[in-house]
Amino acid sequence: MATDLGKRAKEAFVDDNFDLALDLYTQALDLESGNADILADRAQANLKLGNFTEAVADANRAIELDPSMTKAYLRKGIACIKLEEFQTAKTTLEAGVLLAPGDSRFTKLINECDYFIAEETNGLRKEVRRNVLPITSSPSSNRTTTEVVNGSQSTPVLPDLVKEVTNKPKYRHDYYNTPTEVVLTIFAKGIPAKNVSVDFGEQILSVIIDIAGKEQYNLQPRLFGKIIPEKCRFEVLPSKVEIRLLKAEAITWTSLEFSDKKTVPQKINTLPASKEQRPSYPSSKSKIDWDKLEAQVKKEEKEEKLDSDASLNKFFQDIYQDYDDDVRRAMAKSFVESNGTVLSTNWNEVGSKKMESTPPDGMELKKWEY
């Protein structure tokens, strides 16, 4: 029965009816919760619907049940990139490429992670440089930012302005269209649900995040179009606040907020569910055509000029493909469970216990929550 439901779910997925596919996969898992293949497929359906946290959870469970399932590593990596957990995504994809030597999808996604990790690091350095002010005298009070204690100067301290900037929460938000909804995501990690207040009006949205000791976050735009307030909803997740706005009219919102500029609303052709267009997700970062990326398999590998990272990946791939299944399972299991710090080929040792993370000297292990 679970197999039949899985087949029907795949047919719905091929027809772009992702909601139906997700529902059928869930029914199949209710009957057979330990089916790693169905879990990995449901992760893909969650990816298409923008449920990235749920996709990570499904992929994690699939990897636990079958450490050699390459598509589970790929889908977890993609979901982590969408959640901007680039280091976790890179570790997952590096484990996956060991299972699929020559699959260029993993290599390209690892390069994407390296780019975003470097971008985040550079952005943080710029923010620190901008917020730290020079130590100067104040004309009105004749004080400097250096505190005087008992007639002698102590360690320099930052002015109150910098402290206020440090405490102020800065949450990025983004949105995408579906034929019937606009899905707004506020990337606020670890916010308790009790601290989030969302109110819906006919063409107004009010979002308030109030955390003790920090400046209150307010997002109160006049919306691009009218919504149906009683059918709108929101959910506070570990890494974000997701708000679903039900459109009063089936038009494409070209922006989140209302504009005085006269534009002709684009009517959405509400086709049957099997023919609906996939939602587009605007982003300020470089866009990735995920469907095209998934369709590319084992191409360009022989032609590309290997840099240092690619050479290392190629080295491990050449070693990996010469071993038997037990050694491959041992390598994959030890690498994933240790968060990329251990690579063992002894299945007798690895298969009987969970491998603990062993960070290099001078480094600290950090766990990520979803």
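**Reading the model together**

Mentor: Arg-105 and Asp-103 are both buried, where buried means under 20% relative accessible area, exposed means over 50%, and partly exposed lies in between (1.4 Å probe, protein chains only). This is a predicted model, in which local features need pLDDT of at least 70, side-chain atom pairs count only at pLDDT 80 or more, and totals for chains, interfaces and linings use all residues. Residues are numbered from 1 along each chain as its sequence is written, and side-chain values use heavy atoms, with hydrogens and water left out.

Trainee: How are the side chains of Arg-105 and Asp-103 joined, and at what distance?

Mentor: They meet in a salt bridge at 2.8 Å, N to O. The term stands for a side-chain nitrogen of Lys or Arg within 4 Å of a carboxyl oxygen of Asp or Glu. By this rule there are 20 salt bridges.

Trainee: What does the side chain of Arg-172 meet in a salt bridge?

Mentor: Its partner is Glu-84, at 2.0 Å from N to O. This pair links distant parts of the chain, 88 residues apart: Arg-172 is in strand β3, and Glu-84 is in the loop between α5 (70–82) and α6 (86–99). Both count as partly exposed, Arg-172 at 34% relative accessibility and Glu-84 at 25%. Arg-172 also lies over the face of Phe-187, 4.2 Å from the ring centre. A charge sits over a ring if NZ of Lys or CZ of Arg is within 6 Å of the ring centre and within 35 degrees of the ring normal. Arg-222 has its charged end over the ring of Phe-258, 3.8 Å from the centre.

Trainee: And when two rings meet, how do I describe them?

Mentor: A pair of aromatic rings is described by the distance of the centres and the angle of the planes. Rings of Phe, Tyr and Trp (its six-membered ring) pair if their centres lie within 6.5 Å; planes under 30 degrees apart count as stacked, over 60 as edge-to-face and the rest as tilted. The count by this rule is five aromatic pairs. Tyr-115 and Phe-116 have ring centres 5.3 Å apart and planes at 65°, so they are edge-to-face. Phe-116 is buried at 4% relative accessibility, while Tyr-115 is partly exposed at 46%.

Mentor: Tyr-171 and Tyr-217 are edge-to-face too, because their centres are 5.2 Å apart and their planes at 65°. Tyr-171 lies in the loop between α8 (160–167) and β3 (172–177) and Tyr-217 in strand β7 (residues 217–219), so the pair ties together parts that are 46 residues apart in sequence. Both Tyr-171 and Tyr-217 are buried.

Trainee: In what order do the four strands of the open sheet come?

Mentor: Strands of a sheet pair through backbone hydrogen bonds, either parallel or antiparallel. Here the order is β3-β4-β9-β8, with antiparallel pairing; two strands pair if DSSP finds at least two bridges between them. β3 and β8 (233–237) are at the edges with a single partner strand each, so one side of each has no neighbour in the sheet.

Trainee: How many bridges join β3 to β4?

Mentor: There are six between β3 and strand β4 (residues 181–187), and Asp-174 has Thr-185 as its bridge partner in β4. Six bridges also join β4 to β9, where Ile-186 partners Val-241. Between β8 and β9 there are five, with Glu-242 in β9 as the bridge partner of Glu-235. A hairpin through two residues joins β8 to β9.

Trainee: Is strand β9 mostly covered or uncovered?

Mentor: Mostly covered: seven of the seven residues in β9 (residues 240–246) are buried. One side carries Lys-240, Glu-242, Arg-244 and Leu-246, the other Val-241, Ile-243 and Leu-245, all of them buried.
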